[in-house]
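Please examine the sequence and the three-dimensional structure shown below.

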Amino acid sequence: MGVLKNHFTDFSKYFPVWERLTPAQRARISENMIFRSVSKGTVVHNGSMDCLGLLMVRSGQLRAYILSEGGREVTLYRLFPMDICLFSASCIMHSIQFELVIETEKDTELWIIPAEVYKSIMEESAPVANYTNEIMASRFSEVIWLIEQIMWKSLDKRIAAFLLEEASLEHTNQLKVTHEMIANHLGTHREVVTRMLRYFQSEGMVKLSRGTIELTGKEKLESLSAE
């Protein structure tokens, strides 16, 4: 029971407008929210009909992506500790129908506030409503940025940027990532990624081995990504 209580105490530190809620609103969240530990590779939300609730990440990492009818994926954004995902509670925003899938990239701990609970508090509390709008604006900015990347930036530059981002997130130049995973993130085909990575290897930017990509020429990758 003490561990569970600590999870609720932690939540108040992660939710920026907690102190601006009334005691009754805080009690409503505490009594209804769920704490989950989820293993890597688990789909925690699948499509607009799955109105799970608002997600807040305590630890770990998740990926939000869309899936085409042909089965191709493209990552819209990632979620890290202290990030909040509203699209997992899409039923509280009737004008938005996002067929979004959210999957854990690492073992993850998260809180879930049921959609109806969050909606009722958002309707009562101006700080929560404003905070929700800020999150929405931030996520849409990320999606617009992604669209610009897909439309205007060549695939070699996008792959270079992805590898650099992964190295930064994992704090290593030895990346445990497959060509298929890169293709899924960027919304392209594995064969295309493989050809591009082989070109990178011939230019001394990476060294390829089974299930691993080592960044051997980060300056060249940075230069390519920035062009």
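The protein chain exposes about 11,900 Å², of which carbon and sulfur atoms supply 53%; accessible areas come from the Shrake-Rupley method with a 1.4 Å probe, and for residues only the protein chains shown count as cover. This is a predicted model, in which local features need pLDDT of at least 70, side-chain atom pairs count only at pLDDT 80 or more, and totals for chains, interfaces and linings use all residues. Residues are numbered from 1 along each chain as its sequence is written, and side-chain values use heavy atoms, with hydrogens and water left out.

Taken along the principal axes, the C-alpha atoms fill a box of roughly 65 × 40 × 30 Å. The secondary structure comprises 8 helices and 11 strands, which are DSSP runs numbered from the N terminus (helices H or I, at least four residues; strands E, at least two). Of the 227 residues in the chain, 48% are buried, that is, under 20% relative accessible area with a 1.4 Å probe, protein chains only.

Two strands pair if DSSP finds at least two bridges between them. Strand β1 (residues 34-38) pairs with β8 in the antiparallel sense over 5 bridges, and Arg36 has Leu110 of β8 as its bridge partner. Strand β3 (residues 54-59) also pairs with β8 in the antiparallel sense, over 5 bridges; here Trp111 of β8 is the bridge partner of Met56.

Conventions. Buried means under 20% relative accessible area, exposed over 50%, partly exposed in between (1.4 Å probe, protein chains only).
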